[in-house]
Structures are given as structure tokens and as C-alpha cells.
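Please read this briefing alongside the sequence and the 3D structure.

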Amino acid sequence: MAAAHKAGEGPRFTVRPFRAGDLLEARRIFSEGAMDLPWPAFRRAVLSPAASCLLLAAGAAVYVASWSLAWAALTVATLLALLYLACRMVFANYLREMLETDMADIEGTYMGRPGAGFWVVEEEGGGGGLRGVVAAQEAEGEPGCCQLLRLSVDRRCRGLGLGRRLTRRVLEFARNSGCRECVLHTSTAQLPAIRLYQAQGFRVTREDEPMPGLALLSWVTNIYQCEMRLDV
Ligand SMILES: CC(C)(COP(=O)(O)OP(=O)(O)OC[C@H]1O[C@@H](n2cnc3c(N)ncnc32)[C@H](O)[C@@H]1OP(=O)(O)O)[C@@H](O)C(=O)NCCC(=O)NCCS
């Protein structure tokens, strides 16, 4: 789909404000985006100093105790599986919390409220359907600062520029609302998102905060919150 679109033969997309009937699709796109993250996060976690030392030490200890390569390999494999589950838990916890709060009532949370908005990207023509979502609200405790959040693009349509269009829509909204700055929070495991934001001019302002309520998991998995800001 990406190649066809880039050649000008593929579907066309429109960014528009959220409507009540979009709720289920918006939640699906957001959920799929969040649950695509454990695997890249796991790859990053395996290479973290804490995890690699733990894996090597555990494998070596079991080998010395049993003189069995099979037991050592089984121990390392088990720890790798636990590490993957830990990465999954980080994002599953985050997703559950969001689906129970603002993403349960997008209309009530974002629409018609000053300083807030929610946009979707829709595929034009017969295909129809939503292909991406993004939200904005006034950053907590920071009047004049717009927070970008909930950006997600349907996995079949990534690489087509939809994430960039949605990000620019929020920046335009921030400027039109008289904001001086835009802030967002992502995680150090979300490299495509970080690159996308950097390409729009955002700079990393913090990247050492543990995931909320998950300090130990953040340390083991090497996944930290990443704050980025841009003057608009
Ligand atoms: C992050 C995400 C929204 C990007 O959406 P997208 O529509 O694929 O991104 P775009 O096609 O608009 O790409 C814009 C820029 O982002 C960067 N980018 C996007 N995907 C990338 C990837 N896989 N690797 C590296 N950079 C990437 C590039 O700088 C790209 O510009 P370029 O095409 O000129 O190189 C999408 O991957 C997604 O939904 N991920 C899962 C959910 C998520 O992480 N959301 C962010 C929440 S903070």
C-alpha cells in the first residue's frame, strides 16, 4: 500500500475532527499501536546493561552449579521470556489505564473543550475507515502549553506520512489556540515516534523518568519516559 500511495495511485486521506461514531475504531487503532510496542522494547531491553548482566550471570551460575549447558540455556531462555512479559506488562498497563480514562469517552474528554481536541485520519473513497488518531489538551499545570498525546497510525498505513500530518495538525491547533509551546511524552523504546517528533522540531527535554508506578520494570527493561518540547 505504501509504494502505491507514494506513486500517487493509492488511497487518499483526510484529517478531520473526531465524531461520536469513530469511538470503536479510534480505540482499536490506539490499542494496536500500544501493543505493537512490546517487541521493539524487548529488543532494546535485551541490550540494556542491567538485563544483559543479569542474563549472563544467571546462565553462568547455573552452568557452574550443574555443569549442564542445557540447564544454563533453559535458564537464559526463561529469563528472556520473563523479560518479554515485563515489556508487555509496561505497555499493557499503560493501555488499560488509557482505555479506562480518556479513551473511554473521547467526545466528553476532548471535544468542545477549550484547549483540547481529537483528530482522526480517514481513508477517502470506497476503502473508508480510520487510519490514525491524535489528541491535544492543555498540559497539566502549564497554561499556554499544548500537550500532544495518543498519536497512533494503523499498522497497514505506516510510512505514508500520516503520523506527520496528525502531528502537524496538533501544532497548527496549538498555534491557533495561542499556545507558546507543545509538549509530549513518549518512551525511550519508541524510536519511530521519537524520530517523527524530532523531524518536526521537537527536542528531548527529559528521558530518565521511570514509567509511572513501574520504577523496577523501567530499570530492568531500560524503558523510560521521554519528554519532548517544541516552541510553536
Ligand atoms: C510513530 C507512528 C505514529 C509513526 O507514524 P507513521 O505514519 O508511520 O509516520 P510517518 O510516515 O508520518 O513518518 C514521519 C517520520 O517519522 C519517522 N519514522 C516513521 N517511522 C519510522 C521508523 N519505522 N523508523 C524510523 N523513523 C521513522 C521518520 O522521520 C519519518 O520521516 P521520513 O518518512 O521523511 O523518513 C507509528 O509508527 C505508530 O503508530 N506507532 C505505534 C504507536 C506509537 O508509538 N505512537 C507514538 C505515541 S508517543
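Two strands pair if DSSP finds at least two bridges between them. Strands (E, at least two residues) and helices (H or I, at least four) are DSSP runs, numbered from the N terminus. By these terms, seven strands make an open sheet of mixed pairing, in the order β1-β2-β3-β4-β5-β7-β6.

This is a predicted model: local features need pLDDT of at least 70, side-chain atom pairs count only at pLDDT 80 or more, and totals for chains, interfaces and linings use all residues. Residues are numbered from 1 along each chain as its sequence is written.

**The sheet**

- The edges are β1 (13–17) and β6 (203–210); each has a single partner strand, so one side of each is left without a neighbour in the sheet.
- On average, neighbouring strands of this sheet are turned by 25° against each other, direction ignored; axes are lines fitted to C-alpha atoms, for helices over the stretch in contact, and angles run from 0 to 180 degrees between N-to-C directions.
- Helix α2 (residues 23–35) packs on the sheet and touches β2 (117–123), β3 (130–138) and β4 (145–153), with its direction at about 90° to that of β3.
- Contact between two residues means that their C-beta atoms, placed from the backbone, lie within 7 Å.

**Antiparallel pairs**

- β5 (residues 181–187) and β7 (residues 224–231) run antiparallel and are joined by seven bridges.
- Glutamate 181 has aspartate 231 of β7 opposite.
- β6 and β7 also run antiparallel, joined by five bridges.
- Arginine 206 has glutamate 227 in β7 as its bridge partner.

**Helices α4 and α5**

- The axes of α4 (residues 49–66) and α5 (residues 69–100) come within 8 Å and cross at roughly 155°.
- α4 and α5 are therefore roughly antiparallel to each other, a term for angles over 145 degrees.
- Residues making the contact include Leu54, Leu55 and Val62 of α4 and Trp71, Val76 and Leu79 of α5.
- The residues of this contact between α4 and α5 comprise 12 nonpolar, three polar and no charged.
- Ala, Val, Leu, Ile, Met, Phe, Trp, Tyr, Cys and Pro count as nonpolar, Asp, Glu, Lys and Arg as charged, and the others, Gly among them, as polar.

**Around the ligand**

- Gly33, Arg158, Gly163, Pro192 and Leu196 come nearest of the 20 residues around the ligand, where near means a C-beta atom, placed from the backbone, within 6 Å.
- β4, α7 (162–176) and α8 (191–199) each supply at least two residues of this shell.
- α8 gives the most to the shell, with six residues.
- By class, the shell has nine nonpolar, seven polar and four charged residues.

Key: Angles under 35 degrees count as roughly parallel, over 145 as roughly antiparallel, 65 to 115 as roughly perpendicular and the rest as oblique.
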